[in-house]
Amino acid sequence: MNQILFLSLLLLPLIFSTTTLAQSPASAPTKAPAKKPAPTTLAPAPAKPLVPSLPQSPSSDSGSQDIIKILRKAKSFNTLIRLLKTTQIINQVNAQLVTTKSGGITILAPDDGAFSQLKAGFFNSLGERQQKELIQFHVLPVYVSSSNFDALSNPVLTLASDSPTGFQINVTAYENSVNITSGVVNATVTGIVYTDKTLAIYHVDKVLIPLDFSKPKSIAPAPALAKAPKADKENSSAEDDDQGETTKNSSGAISLLSSVHGATFVSLGAALFAAAAAISC
């Protein structure tokens, strides 16, 4: 009995410790640090076109770069179509377009209403060369996208530019407006007629008149006056002979006249002398 009581007293602290540990709450597990989400890379927004598309613009999905067909489908460009054909500039533009080394072309297309604003007979008053230059003046020998007008460096060369300083335009792009000046006319690009990767056609509200047409033309120097030809010696001698003969004839006539008059006076004096002698007898 005493042994059992002694063992109970020894085991009592152990039982109490076990009970206390069982009743104490378990410590919460340590949370792993939250990982920061990787930053999301946003794709750059596409450049906003500076020129809106026209409602009747032909689709560029067709893959056809027939400029005449594009302008005809867009309507209101009948005058430009006719002038492209009559001046044969359409052949030059097509050749420029298909050249592999070419960076494409850009056409600034005035509609029929823009041509009607010109003075009556203006185009016909131009020479053949100026008619071609006028149409070439509306073509840029590079491709300009609708969102890239503000990247152009002024002055901008045209297809008519035969030198770094001739037939140029200035382009100003601000917000959704693109203005073009030739030095004579200020025009606005009002919409896209057609565009792909190498060909762009834009509608402009006025015909661009080159400043070169207003420059005074150089006056050709007056031709030098021709010197009077010298008289031939033979002609001079003949004239001298004629003058001498005339002088001789005149002198002879005077001498003959003097002789006649002298004879008359002598005869008259003899007659008077004879009459006086007769009276004296």
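Against which elements do the buried residues of helix 3 pack? In this predicted model, local features need pLDDT of at least 70 and side-chain atom pairs count only at pLDDT 80 or more, whereas totals for chains, interfaces and linings use all residues. Residues are numbered from 1 along each chain as its sequence is written, and side-chain values use heavy atoms, with hydrogens and water left out.

Helix 3 spans residues 78–86, and its buried residues are Thr79, Leu80, Ile81, Leu83 and Leu84, where buried denotes under 20% relative accessible area with a 1.4 Å probe and protein chains only. These buried residues pack against helix 2 (67–74), helix 4 (89–98), strand 1 (105–110), helix 5 (112–116), helix 6 (122–125) and helix 7, contact being defined as heavy atoms within 4.5 Å. Helices (H or I, at least four residues) and strands (E, at least two) are DSSP runs numbered from the N terminus. Helix 3 is followed by Gln88, which has a positive phi near 65°.

Helix 7, one of the packing partners of helix 3, comprises residues 128–136 and contains Glu133. Glu133 counts as buried because its relative accessibility is 10%; when residues up to four places away in sequence are not counted, Glu133 touches Ala160, Phe167 and Phe213.

The lining of the largest pocket includes Thr79 and Leu83, together with Arg82, Phe115, Leu118, Lys119, Ala120, Gly121, Phe122, Phe123 and Asn124. Helix 3 and helix 6 are the elements that give two or more residues to this lining.

Terms used: Buried means under 20% relative accessible area, exposed over 50%, partly exposed in between (1.4 Å probe, protein chains only). On a 1 Å grid over the protein atoms alone, a cavity is a set of points where a 1.4 Å probe fits but cannot get out, and a pocket is an open set with protein on both sides within 12 Å along at least five of seven lines; lining residues have an atom within 4 Å of a point.
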